[in-house]
Amino acid sequence: MQPRVPHLRKWRDGAHSFHARNPRRSLVPLRYSADWRSLGFLFLLSGLYWVQWSGLARHWSLLPATCLLAFIAFIIKHNHIHCRTFTSRSWNRAFEFVLSACTGQSTAAIIPVHNERHHGKFHTKQDFVRSSLVNFNQNWLNLMVFPFAVVRLVHRTKSSDISRWQKEKPGLYRCVQRERAALFVFIAVMLVLNWRATLIYFGVPWLFGQWES
Ligand SMILES: [Zn+2]
């Protein structure tokens, strides 16, 4: 049976959070202390992006490690859209920009596909990450083809889902627009400065991380 998953907007207060119970122990208003690990992974990932893109350190082993950490960043993003990482609204907003940069796509923009369709309409035709999308006899082939099958379906409807938010969820709609604009500027600047390094050291991990879907 599909577990009931809380929607993003229901997680407003920090009454049961680590920070609420330990208000003087940390300057960082984390909801749960376990998320220090998530912050550590993102810190490491950002460092790997930077040293490779800038040319400070390039080694064949660093790119697979970056791909693995990008995959973990997608998992952190998934967790965040169900249960926001911080008890502070402004920290969450800032964190969503960081997650967008680490994964190459807006954080709020995955809510229609994931929270609304996958969890809200689990395994129906409206769920674009339903396992029945691929049906090969070999599971390795299912694993390889699945992300492409998902992307094809998502791109057909994603913009209409987000346009619908203009009236239904204007706050989330503005979040998507802001995150997309910031990401667009970030990618454009990086491409202008060094397009080849941007495609390799950001583009490859961003694509690899899509397997998390
Ligand atoms: Zn989920």
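**Figure 1. Helices H2 and H3 pack at an angle of about 140 degrees, with their axes 9 Å apart.** Here, axes are lines fitted to C-alpha atoms, for helices over the stretch in contact, and angles run from 0 to 180 degrees between N-to-C directions. Helices (H or I, at least four residues) are DSSP runs, numbered from the N terminus, as are strands (E, at least two). Please keep in mind that this is a predicted model, in which local features need pLDDT of at least 70 and side-chain atom pairs count only at pLDDT 80 or more, while totals for chains, interfaces and linings use all residues. Residues are numbered from 1 along each chain as its sequence is written. H2 and H3 are therefore oblique to each other; angles under 35 degrees count as roughly parallel, over 145 as roughly antiparallel, 65 to 115 as roughly perpendicular and the rest as oblique. Their crossing is left-handed, a word used if the near helix is turned anticlockwise from the far one by less than a right angle, with right-handed used if clockwise. Look for Phe 41, Leu 45 and Tyr 49, which are among the H2 residues that meet H3. The H3 residues meeting H2 include Leu 69, Ala 73 and Ile 76. Residues in contact have C-beta atoms, placed from the backbone, within 7 Å.

**Figure 2. Here is helix H3 with its buried residues.** Which residues of H3 are buried? They are Thr 66, Leu 69, Ala 70, Ala 73, Phe 74, Ile 76, Lys 77 and His 80. Seen down the axis of H3, these buried residues fall within an arc of 165 degrees, so they line one face of the helix; the arc is that of the directions from the helix axis to the C-beta atoms. A residue is buried if 20 or more other C-beta atoms lie within 10 Å of its own, exposed if 12 or fewer, and partly exposed in between, with C-beta atoms placed from the backbone. Helices H2 (35-54), H4 (89-103) and H7 (170-209) are included in what covers the buried residues of H3.

**Figure 3. Helix H3 meets helix H7 at an angle of about 50 degrees, with axes 8 Å apart.** That makes H3 oblique to H7, and H3 passes H7 in a right-handed crossing. On the H3 side, the meeting residues include Leu 63, Cys 67 and Phe 71. Among their partners in H7 are Val 204, Trp 206 and Phe 208.

**Figure 4. Trp 211 sits in the segment after H7.** Is Trp 211 buried or partly exposed? It is partly exposed, with 15 other C-beta atoms within 10 Å. Leaving aside neighbours within four places in sequence, Trp 211 is in contact with Phe 71 and Pro 147. Trp 211 and Phe 148 are 63 residues apart in sequence, yet their C-alpha atoms are 9.4 Å apart in space.

**Figure 5. Gly 55 lies in the loop between H2 and H3.** Gly 55 is exposed, with 10 other C-beta atoms within 10 Å. Between Gly 55 and Ala 197, the C-alpha to C-alpha distance is 8.5 Å, although they are 142 residues apart in sequence.

**Figure 6. Helix H4 packs its buried residues against H2, H3 and H7.** Phe 95, Leu 99 and Cys 102 are among these buried residues. Just after H4, Gly 104 takes a positive phi of about 75 degrees.

Key. Two residues are in contact if their C-beta atoms, placed from the backbone, lie within 7 Å.
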